[in-house]
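The entries follow in the order in which I looked them up.

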Amino acid sequence: MAEKIGEFTMKHVVSSYSKDKNGNLTARSDWKGAGSSTTLGTAQVFGSFTTNAPLSDGNAKSGAIEFAGESFLEDGTTVANVADGTWEKPENEHSWHIIMEGKNSLGHTRRYEGKADLETLTFTGEIYSID
């Protein structure tokens, strides 16, 4: 069972969009914020979410998502993070619920669960250890 080890809050910075060679829409959004965990302490966090889907799925209610970013710890250490997962848009909500699993540069496996509020452009969530 996964143990909750931390929390985070991030604000949207900017989004960009491109077309891949198959005509799919690639969306990238950059976020910054802060997080804390029982294992690493407090950190400033920067990262990017990337989605890629056929143009015809423009009004999709769920899909795949990737994250890549870095955490800058209070002691000056930098920890890189990558994760893959899914997003889902709940009915009658202007938000995405995101669940991802990934690794950090220290070799730890983590699960991230959160909500991206598309009205306030805030992403908040929890970190779980699944080592």
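**Core.** I looked up the largest nonpolar core, which has 16 residues; Phe49, Ile98, Met100 and Phe123 touch the most other members. A nonpolar core is a set of buried Ala, Val, Leu, Ile, Met, Phe, Trp, Tyr and Cys residues joined through side-chain atoms within 4.5 Å, where buried means under 20% relative accessible area, exposed over 50% and partly exposed in between (1.4 Å probe, protein chains only). Strand 1 gives the largest share of this core, three residues. Strands are DSSP runs of E, at least two residues, numbered from the N terminus.

**Basis.** This is a predicted model, in which local features need pLDDT of at least 70 and side-chain atom pairs count only at pLDDT 80 or more, while totals for chains, interfaces and linings use all residues. Residues are numbered from 1 along each chain as its sequence is written, and side-chain values use heavy atoms, with hydrogens and water left out.

**Phe49.** I then listed the contacts (heavy atoms within 4.5 Å) of Phe49, setting aside neighbours within four places in sequence.

**Cavity.** I searched the whole structure and found one cavity of 30 Å³ or more. On a 1 Å grid over the protein atoms alone, a cavity is a set of points where a 1.4 Å probe fits but cannot get out; a pocket is an open set with protein on both sides within 12 Å along at least five of seven lines; lining residues have an atom within 4 Å of a point. The largest cavity holds about 370 Å³, a volume being the space filled by probe spheres set on points joined across faces, edges and corners. Its lining has 24 residues, with Val45, Ser71, Asn81, Tyr112 and Ile127 closest to the centre.

The largest pocket has a volume of about 730 Å³. I noted 31 lining residues, of which Tyr17, Ala27, Thr51, Trp87 and Trp96 are closest to its centre. Strand 1 (3–19) and strand 6 (95–104) are among the elements that each supply at least two lining residues.

**Backbone.** I checked positive phi values outside glycine. Asn92 has a phi of about 65 degrees and is found in the loop between strand 5 and strand 6; at 75% relative accessibility, Asn92 counts as exposed. Leu121 has a phi near 60 degrees and lies in the loop between strand 7 and strand 8. Leu121 is partly exposed, at 35% relative accessible area.

Technical notes. Helix = DSSP H or I, 4+ residues; strand = E, 2+ residues; numbered from the N terminus.
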